[in-house]
Amino acid sequence: MTVEARVKLFNRICAGVLIAFALLWLTPLLWALDTALKPNAETTRTTWAVQDPNVQAFARILRDTDIVRWFGSSLFIATLTALGTVLTASLAAFALSRMRFRYRTLVFWFVLAGIMIPSQVLIVPQFREMDSFNLLNTFWAVSLPQIPTAVAVFIFKQFFDGLPRELQEVARLDGAGYLRIYGRIIMPLARPAVAAVVIFAFVTSWNDLLWPLLVLSNPDIMTMPVGLATVQGSFGIRYADTMASALLGAVPLVAVFLLFQRNIVEGIAGSGLKG
Amino acid sequence: MTAETAVRRTDASQTTEAPPREWGHGLPAAGFLTPFLLLYLLFIIGPALYGLTMSFFNTSAVKPGLNSFAGFGNYAEALQSSDFWSSLWHTFWFTILTTPPLIVLALVFALLADRVGRGRWFFRLAFFVPYILPSAVVALIWMWIYTPGLGLIEAALTKIGPTSPNWLGDPGWAMPSLAMTTLWWTLGFNFVLYLAGLQEIPRELYEASAMDGAGPWQQIRSITVPLLGRTTTLVAVLQVIASLKVFDQMYIMTSGGPDFATRSILQYVYDSGFTNFRIGYASAVSMLFFLVVLAVSALWFTLVRRGEKEL
Amino acid sequence: MALTRRALLGGSAAAAALGLAGCSGLTPGRDPGGTLDYWNLFGGGDGVRMTQMLDGYRATHPGIDLSAVTLAWGNPYYTKLSLATLGDKPPDVGIAHLTRAKTLISAGLLEELRPEDLARHGMQATNFSERPWQAGLVGGKAYAIPLDTHPFVMFYNTDVCAKAGLLDSSGALLPLDSPEKFTEAMRKAKDVTKGYGGVVAIDNDVATPWRIFQSLYAQLQGEVLADEGRKVVLDDAKGTQVLDFLQGLTKQNLVPGSIDYQGAIAVFANGQSGFYFQGEWEISTFQTAKLPFSMALFPNVFGGNRYAVQADSHTLVIPRRPGRDQAGLDRSLAFIRALLDQSKTWAEGGHVPAWVPLRDSPEYRAMTPQSNYAAAVEGASYDPEGWYSGSGSTYEIVMSAAIGSVLGNRSTPAAALSAMRSNLTSLAKTASPV
């Protein structure tokens, strides 16, 4: 065998192995879909064949649970959190990267220290705090503590540090204030960083379970993950319904992913490598 | 003093420079920093200090105020509690079970995908889509897959021969089962990081080594894997930190059972604080958990420092 | 969607109110409208029946916008209920196990239900079975209205038992009132099914192992906790006797040693076992499965002439909320009364009604197999008092874990008892947070 043929064969084997694994990775989702398409009674036989495929399980979930409302809550909270994070973090990072002031290093280290505190460590005092602010069972209780994200400040600062100084100086000579430099020059250039932080904050907020589980105890305003985790017990052995609820819960983010596949993957790779 | 000179002075690296004398930018800077710092103080630093305080009191979830002073009582109780140590061990056990396969498999899949070249969107879809699913969705799907008597894995195993264990019901198997679910769920993240890392390796290196007669396997061993060292460190750290914070899978899939065999440290905090109303004790456990995370981070930091010196 | 359903009900409210105005004698005169949030933890057959009862309420109270939510059973439910009450957004009415209501009461999370308020809705102590009513009082005050008593019972497959010669000439099950008779019955049933004699949920189950243990242990008059949970009085001799007996059953493979809740149901429903031990609520599951079965009191294996069985009661409670007005309270109490009036629907699901007008009716006595085990109410053994005790509590989890490990042959009775003792002692030593 020539070297070329050997390389070709090797590549073929690689492709084969990878495809096999990719299919294996897709199996749970396909199985969930398969189950959801069966009538509940048919799910007690472990087979891929569906005698009477139908979408009634999906219809039942949409009709009998508050899943649409949970979707709304999640969307609102995740959007609020993502926007709040981008705005506060980029403003702070701008000051830390582009402005001179006393105690700048101190402030920077103070913010950086926040990266070391896992948010989960704070659930107990934060709960008490929300209780005393009378904010329990509101969207604010979920969103506000998620907005100040030290990592996001760090990502923005890294990015701003990498932008050429001259841009700012020219603008400064033209008499532009800091707010204009931030809004008109720096932020438009920082689109990759914004994308990374938005995606990061949105997905984290959307998928968060522990915190909203604590502060949203009223099913009327639960987020999607909390709602799914809370009512799963009431499905009992109605496996088709359970799978339908899981898939409906998956749809929004999967749709977002398919639309913005490139940005999401690059954003995560980029922020991860920098962070 | 004009803005121009001030701006120019910032060009140098920021840490070594002496703080500037002038106050000129203090006010606008404060304006830019305030929204973040306000929320940061209110929802991160404040609670951190409040949590530290509560950890020294018998604070109850259903009573107002801090309640009676406990001194180091909560800490002593936690350190003497077998529940605390076993939940800490479960957390570590989960970390040990998930981290190596999540690194190795992600690397292997990324190497393969890099070599195959075509159809990358498909692989990205297959491996990455699980990662963006909410934990509740993942948990529901895998609970169904693990269901005794009806589950997909049991059916597949029975066809090949071996009898299937009770995945989530057997205390010995529950944690590996949760680890397997987590592997499926989060591998995509590492896969993407590795793919990005692979793209930064210059093609010329491969071409040069191919001229020297190196086969694909040798190239992977001598070029690719060593050059991915930084990515691997990053992946490992993110992985360990994420594993230490595990809660969702256990909460939904096993509620920490069977026999508490899968109760993680965070669930222990949740149980103590919100089911048993013992907020003060739960705060003490949180603080101990924080120390563990700090220790792990510090360990990583030292390792990275040493690694960078060698490079 | 709930929204559209509500809109629909609202739209037809006026018409329906006219038609039903004449027969609303139970509620005080008028139906002032408003909203009502109700939380429960019922899945399976209970969930279906509760939905029927709620529909019944909606039909008679069309002006009220009822929103009912089912949450995950056990600790998650009580955690949610407590957190929501702390957060001032509790439901108007909630279900609570009698044994859990105790802790909620000491935490100050429930409204006291004063006799004069109850009387306005035709409820008083004598309307309820004595055992659950008395068990629910704290300091002589009522906070929780018992809906039922739900004992641990025995389900048996009538075909299997007939073939095994376990039925008398009238078709009734022969008494299994000694360890020998019990074990012998399991063996005979196993010979017929070729699978198991009996089945009980063990794995991943935070309550069932405790239920079967407590039923037998209480028959020996054993106690676990005293002094409101501040003292552990576990009796090693009695505990060992019960655990040895239970482990014997799984060691001889008469009962599977590793099976979870759904698995246990499946084994019995598929005729792979002659007996199934669980709370009576699983009746609907087997009725749906068209299984030839009946139900009886959990056997008096150790009790001699004194019967005891593990049980709890579902109660209706009104969580405390600032600014609740008289109208709101009356709406909640009227709702509770409306559910009590539908006790028959509830009893069909296996629960023994606490509402005396139904309990003493020929209608109930004619219900079989539901009325077969009504006597369990007198022998009901509730979980001991303690802030960490009650259905689905840390206490039951600790106990079930230890008992389950014995049933699954993963530990010896002695080891399990010492595990129980050390876990309970550390809980008992902890100052009550409520």
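1. Across which strands of chain C does helix α2 (residues 44-60) lie? Helix α2(C) lies across β1 and β2 of chain C and runs at about 170 degrees to β2(C). Contact requires C-beta atoms, placed from the backbone, within 7 Å; angles, from 0 to 180 degrees, are taken between N-to-C directions of axes fitted to C-alpha atoms, for helices over the stretch in contact. Helices (H or I, at least four residues) and strands (E, at least two) are DSSP runs, numbered from the N terminus.

2. The model is predicted: local features need pLDDT of at least 70 and side-chain atom pairs 80 or more, while totals for chains, interfaces and linings use all residues. Residues are numbered from 1 along each chain as its sequence is written, with chains lettered from A and ligands numbered from 1 in written order.

3. In chain C, an open sheet of five strands has the order β2-β1-β3-β12-β4, with mixed pairing; strands pair if DSSP finds at least two bridges between them. β2 (64-70) and β4 (144-146) are its edge strands, each pairing on one side only. The strand-to-strand twist averages 25 degrees.

4. Within chain C, β1 (residues 34-40) and β3 (residues 93-97) pair in the parallel sense over two bridges, and W39(C) has G94(C) as its bridge partner in β3(C). Helix α13 (residues 326-341) of chain C lies across β1, β2, β3, β4 and β12 (314-317), at about 50 degrees to β1(C).

5. Five of the five residues of strand β6(C) (196-200) are buried, meaning 20 or more other C-beta atoms within 10 Å of the residue's own, against 12 or fewer for exposed and in between for partly exposed. β6(C) pairs with β9(C) (273-279) in the parallel sense over four bridges, and Y196(C) stands opposite S273(C).

Conventions
Two residues are in contact if their C-beta atoms, placed from the backbone, lie within 7 Å.
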